[in-house]
Amino acid sequence: MSEIRLIEPVVRFCAVISRHQEARQWAKQRLAERWGELGEKGESSPFEAGGFYQPEMGDGLTKELIGIAQFADPAGLADWKNVTNEWESEYASLSDHPEPRPLNLDPGYVSQAKLVLATIKDRDHRIYLRDGIFAEVTLNYVGGRWIHHRWSYPDYRTETVARFAANCRARLRQHLKATGGFRVGVKKTPGVKPSPKV
């Protein structure tokens with residue numbers, strides 16, 4: 001019988017999207033308060049998505065990728081998505097912005113081999129987790145570079161995202177080397193605490 005091994009930790013991150021700077025700042029503060037010290041910060045970039053979000057979020061959207069310093073167990077992905085959905089609703093109720101959805105939060109994680117996003121939308125390439133949440137492998141690390149797939153969102157095919165993912169991966173590998181936490185031959189993963197649900 002195959003021996004079950006615990007998996008390697010990951011770098012948890014969240015895409016923060018809004019046309020309002022104060023909304024993005026609120027989100028980053030909430031991430032720091034609930035998930036811990038912030039780590040990698042991707043470059044701010046325009047977010048269009050073919051106008052899909054315009055009716056509920058308005059024009060002139062900006063996206064930022066924010067990594068979390070503490071490494072996490074990827075099993076928490078569904079919890080992360082449900083919690084960020086709650087934060088979106090909370091901010092909408094607290095703010096006086098005219099849009100029904102002034103803030104969009106999309107969590108995911110970076111491992112050594114892939115960048116994974118959480119989503120509520122089912123497609124042929126997505127795997128159901130639980131509580132209405134699916135997982136999508138959006139990017140893979142192959143041959144020393146990040147590659148996308150036919151389903152990868154256009155905004156995740158950019159050099160900006162590749163640099164962010166590379167920085168997350170480099171820090172993760174440094175941690176695994178320092179702790180001896182690589183999965184091969186390892187029965188427990190040092191230095192990983194269960195991810196908080198809130």
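**Salt bridges, rings and strands in a predicted model**

Lys28 and Glu64 make a salt bridge, with their closest N and O atoms 3.0 Å apart; the term covers a side-chain nitrogen of Lys or Arg within 4 Å of a carboxyl oxygen of Asp or Glu. Lys28 belongs to helix α1 and Glu64 to strand β4 (residues 61-68), so the pair ties together parts that are 36 residues apart in sequence. Helices here are DSSP runs of H or I with at least four residues, strands are runs of E with at least two, and both are numbered from the N terminus. Both Lys28 and Glu64 are buried, where buried stands for under 20% relative accessible area, exposed for over 50%, and partly exposed for anything in between (1.4 Å probe, protein chains only). Arg24 joins in as well: Arg24, Lys28 and Glu64 are linked in a network of salt bridges.

A word on the ground rules. This is a predicted model, in which local features need pLDDT of at least 70 and side-chain atom pairs count only at pLDDT 80 or more, while totals for chains, interfaces and linings use all residues. Residues are numbered from 1 along each chain as its sequence is written, and side-chain values use heavy atoms, with hydrogens and water left out.

As for the overall layout, the protein chain comes to 4 helices and 9 strands, running β-α-β-β-α-β-α-β-β-β-β-β-α from the N terminus on. Of its 198 residues, 48% are buried. Taking contact to mean heavy atoms within 4.5 Å, residues 24 or more positions apart account for 70% of the contacts with a separation of 6 or more.

Back to the charges: the whole structure holds 15 salt bridges. Another of them pairs Glu56 with Arg101, at 3.1 Å from N to O. That pair links distant parts of the chain, since Glu56 sits in helix α2 (residues 54-57) and Arg101 in the loop between α3 and β5, 45 residues apart. With 29% relative accessibility, Glu56 counts as partly exposed. Then there is Asp155 with Lys63, whose closest N and O atoms are 2.3 Å apart. Here the separation is 92 residues, with Asp155 in the loop between β9 (145-148) and α4 (159-179) and Lys63 in strand β4. Asp155 counts as buried at 19% relative accessibility, and Lys63 counts as buried at 4%.

Lys63 also turns up over a ring. It lies over the face of Tyr156, at 3.5 Å from the ring centre; a charge sits over a ring if NZ of Lys or CZ of Arg is within 6 Å of the ring centre and within 35 degrees of the ring normal. Arg12 does likewise with Trp35, its charged end sitting over the ring at 4.1 Å from the centre. Trp35 is itself part of a cluster, in which ring pairs link Trp35, Trp80, Trp87 and Tyr109.

The structure holds 7 aromatic pairs. The rings of Tyr128 and Phe134 have their centres 5.1 Å apart and their planes at 65°, so this pair is edge-to-face. For the record, rings of Phe, Tyr and Trp (its six-membered ring) pair if their centres lie within 6.5 Å, with planes under 30 degrees apart counted as stacked, over 60 as edge-to-face and the rest as tilted. Tyr128 is partly exposed at 47% relative accessibility, whereas Phe134 is buried at 12% relative accessible area.

β5 and β6 run antiparallel, joined by 3 bridges, and form a hairpin with 3 residues between them. Tyr109, from the ring cluster, stands opposite Val116 in β6. β6 also pairs with β8, again in the antiparallel sense, over 6 bridges, and Leu115 has Leu139 in β8 as its bridge partner. In β6, 5 of the 6 residues are buried, so the strand is largely enclosed by the rest of the structure.

Note on methods
Pairing = 2+ DSSP bridges.
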